[in-house]
Amino acid sequence: MFNTRHRPRLVVIFLTIVTASFFIATASASSGDRHPLYQKCLQNCITTQCAPSSPAKTLSPMLRLFRWTCRDDCSYQCTHQVTSALLQHPDPHERVHHQYHGKWPFWRVWGMQEPASVLFSLGNFWVHWNGWRKVRRRVNDSIAVKWWMMALAVVQMNTWFWSAVFHTRDTPFTEKMDYFSATLTITFTVHYTLLRLFNLFPYPPQRPSTPRARYLLSLTFVVLYVAHISYLLSTPRFDYGWNILFNTSLGAIHLSLWSIFSLRFSVKLPFPLALIPTPYPPLDPLQISPKPRYSKMSAVLVLATTAAMSFELFDFPPFARILDAHSLWHAATIGIARGWYEFMIRDASMLEAARMTYDPTGVGRMADKMASEAKASATLGGSRQFVEHHR
């Protein structure tokens with residue numbers, strides 16, 4: 001077991017390795033489309049099936065719906081023909097599973113290029129839609145962080161929608177929408193995390209808010225996101241390296257901050273980490289007793305997220321040409337996202353309880369009671385009674 005004091009550092013190190021591995025993978029991502037067998041197959045197919053003088057190739061309605069062209073279909077057919085031929089080659093050194101145009105060969109289903117990733121992207125979309133509904137029903141309207149949580153869910157749903165579209169059909173437009181939406185999600189997630197951990201959302205009159213700091217932080221992230229997208233659109237070729245470095249850096253900040261949040265309940269943090277405000281002002285997290293049952297949940301979710309990213313690090317050819325490491329990463333985030341929503345809802349209940357009592361020995365029990373009542377009320381069809389009861 002490693003020391004919990006080093007958990008944020010380990011998260012950053014792991015994400016740095018992921019970034020480095022991306023550059024290595026990118027450098028050798030398209031060995032298949034440079035292979036002589038593929039080049040010969042593609043040229044023959046285009047000449048015999050796609051040339052104006054050749055008989056017109058008939059594409060199925062689903063392929064036409066997803067805007068497959070004759071050349072695209074030739075590339076797909078040659079990809080699998082060459083892959084099958086190489087994997088059955090008598091020379092073991094030739095039995096190599098290549099990537100083509102930066103992608104592993106996948107069997108398409110109903111015109112979808114990567115059906116497993118499409119399915120898991122839609123699964124993530126559903127989790128965030130369900131999370132949005134849970135936040136709306138179970139979090140008191142008087143807690144300002146609720147509206148940021150709901151906005152975060154909407155941003156996430158947009159990202160997973162475009163992820164499903166991109167994995168259905170990879171085009172320059174869908175690729176950019178997928179990447180830009182993913183960047184918006186991680187940018188907004190870090191923005192929400194800083195608002196939450198530094199308590200920059202509005203409080204009731206008895207506890208003054210800090211609108212200037214909140215507006216300045218929001219403006220900073222808007223400028224950061226716009227500058228990033230503007231740079232990517234201004235370059236002749238899409239700068240994949242910078243995009244992954246930008247997102248990985250923000251991801252490291254996000255995971256490290258929530259690790260620190262968890263540590264606040266068990267250890268006294270050194271300077272400068274001690275400058276981060278108490279999670280539930282004005283209570284000292286070390287004096288809260290009993291500890292919130294979910295106080296370690298953010299650390300567990302951080303570790304789960306970091307572990308799931310190993311699918312991106314240890315890439316491998318798709319099993320049965322359907323299930324690859326990237327699709328498994330999308331599958332893993334479904335359960336992780338559900339955990340984050342449960343954590344954020346319980347965290348909001350604790351914020352409400354801390355606002356109602358300054359007793360560190362009773363706030364945890366009050367928060368658990370409020371969370372249980374809110375969940376029961378939501379199960380019965382709404383949280384109006386809960387909101388009125390605790391208003």
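Reader: Does W242 count as buried, partly exposed or exposed, and at what relative accessibility?
Author: In this predicted model, the class of a residue follows from its relative accessible area, with buried meaning under 20% and exposed meaning over 50%. The value for W242 is 36% relative accessibility, and therefore W242 counts as partly exposed.

Reader: Which kind of aromatic pair do W242 and F246 form?
Author: W242 and F246 are four residues apart in helix α9, which means that about one helical turn separates them. Their ring centres are 6.0 Å apart, with 50° between the planes. Planes under 30 degrees apart would count as stacked and planes over 60 as edge-to-face, and the pair of W242 and F246 is tilted.

Reader: Is F246 buried or exposed?
Author: Buried means under 20% relative accessible area. F246 has 8% relative accessibility, so this residue counts as buried.

Reader: What is the geometry of the aromatic pair formed by W68 and Y76?
Author: W68, at 8% relative accessibility, counts as buried, and Y76, at 14% relative accessibility, counts as buried too. The centres of their rings lie 6.0 Å apart and the planes make an angle of 80°. With angles over 60 degrees counting as edge-to-face, the pair of W68 and Y76 is edge-to-face.

Reader: Which residue has its charged end over the ring of W68?
Author: The charged end in question sits 4.6 Å from the centre of the W68 ring. The residue that carries it also lies over the face of Y76, at 4.0 Å from that ring centre. The residue over the ring of W68 is R108.

Reader: With which residues is W258 in contact, leaving aside its neighbours within four places in sequence?
Author: Once its neighbours within four places in sequence are left aside, W258 is in contact with Y192, T193, R196, L197, S298, V302, W340 and F343.

Reader: Which residues form one aromatic cluster together with F166?
Author: The structure as a whole holds 19 aromatic pairs. The residues that form one aromatic cluster with F166 are Y179, F180, F238 and Y240.

Notes:
Residues are numbered from 1 along each chain as its sequence is written. This is a predicted model: local features need pLDDT of at least 70, side-chain atom pairs count only at pLDDT 80 or more; totals for chains, interfaces and linings use all residues. Side-chain values use heavy atoms; hydrogens and water are left out. Contact means heavy atoms within 4.5 Å. Rings of Phe, Tyr and Trp (its six-membered ring) pair if their centres lie within 6.5 Å; planes under 30 degrees apart count as stacked, over 60 as edge-to-face and the rest as tilted. Buried means under 20% relative accessible area, exposed over 50%, partly exposed in between (1.4 Å probe, protein chains only). Helices (H or I, at least four residues) and strands (E, at least two) are DSSP runs, numbered from the N terminus. A charge sits over a ring if NZ of Lys or CZ of Arg is within 6 Å of the ring centre and within 35 degrees of the ring normal.
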